[in-house]
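Please consult the sequence and the structure shown here before reading the report.

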Amino acid sequence: MRTEMTLSYELFLGCAIPARFNNYESSLRAVAKELGVELIDFEGASCCGTVVMKSIHEASWLSLSGRNIALAESRGHDIVTPCNGCFGSLKDTDHVLHGHSQLREAVNKTLKPLGLQYQGKAKIRHFVEVLYDLREEIAGHIVRPLDGLRIAFHPGCHLLRPSNVAGFDDPELPRKVDELLELTGAKSVPWGLKLRCCGSPLLIASEEVATRILREKMISAREAGAHCIVTNCPACHTQFDLQLRGLKDDNGQSLEMPGLFVTQVLGLAMGLDSEQLGLQLNRISLDPIRGLLGL
């Protein structure tokens, strides 16, 4: 039987967040500290295995990801990650190894020389799942309401799908993170392309196609009257806070819109310091919404 949820987790940051998204890491650590969630740095982590590797060499994907899970298990901890890609890879590996004894035996044969064994005891959670369970505590920490702020929330694909693996929210009509954001007094607006891929995975193969997808999403967010776009996925944030710079619609009107992480929005409403939340590292200017953010 799996262990019950605790407020202590091994923090699996993955590769992208420490290298490119210090604002995400800084803000999630600040919010976790404010809420009393202990984040233990993950010693010995490797790449999560990535969903890309799964399509190339499944055995290597299972071994890489399984090793990370086994490391946390050996220390008696559950895993939390703020990265959608890592969440998808670790959850999928856990799902596969739970259901296939032959694959589990093969991975454990690989891990044996390292003194590790995958047992399937550690829970794997996205950081927003932990925050959702703490929504009553978060509501009690709101000291700077973000009334009037209209948010287009983008969950990203791997937080929700495949739904029988992710197990977090309704894949067709997700609302849990929207509920979190609305604790701040902001409004999470409905928008037509909320669940469409952001285009980030296509940046390697075709920046043109990735940009076309982004343009359509931003037009949808603008039509919904959003002031900013918010996500919990670092790869998606690349689209919204980097690729979006200078992007215009067919009429030459700018599609730029401030992009924020969920943890930055919550941290602001909880009264945390803007520098601690890494707002100075956001690339697209927050000037249009500084008043709404209380800055």
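The report covers a strand with its neighbours and then a pocket.

## Basis of the model

The model is predicted: local features need pLDDT of at least 70, side-chain atom pairs count only at pLDDT 80 or more, and totals for chains, interfaces and linings use all residues. Residues are numbered from 1 along each chain as its sequence is written, and side-chain values use heavy atoms, with hydrogens and water left out.

Strand 7 spans residues 228-231; strands (E, at least two residues) and helices (H or I, at least four) are DSSP runs numbered from the N terminus. Cys228 and Val230 on one side of strand 7, and Ile229 and Thr231 on the other, are all buried (under 20% relative accessible area, 1.4 Å probe, protein chains only).

Strand 5 (residues 150-154) runs parallel to strand 7 and is joined to strand 7 by four bridges, while three bridges link strand 7 to strand 8 (residues 259-261), also in parallel. Val230 is the bridge partner of Phe153 and stands opposite Leu260 in strand 8.

## The largest pocket

The largest pocket holds about 800 Å³ of space. Its lining comprises 28 residues, with Val52, Gly85, Ser200, Pro201 and Ala235 nearest the centre. Helix 1 (16-20), helix 3 (51-56), helix 5 (84-99) and helix 12 each give two or more residues to this lining, and helix 12 gives the most, with four.

Methods
Buried means under 20% relative accessible area, exposed over 50%, partly exposed in between (1.4 Å probe, protein chains only). Two strands pair if DSSP finds at least two bridges between them. On a 1 Å grid over the protein atoms alone, a cavity is a set of points where a 1.4 Å probe fits but cannot get out, and a pocket is an open set with protein on both sides within 12 Å along at least five of seven lines; lining residues have an atom within 4 Å of a point. Grid points are joined across faces, edges and corners, and a volume is the space filled by probe spheres set on the points.
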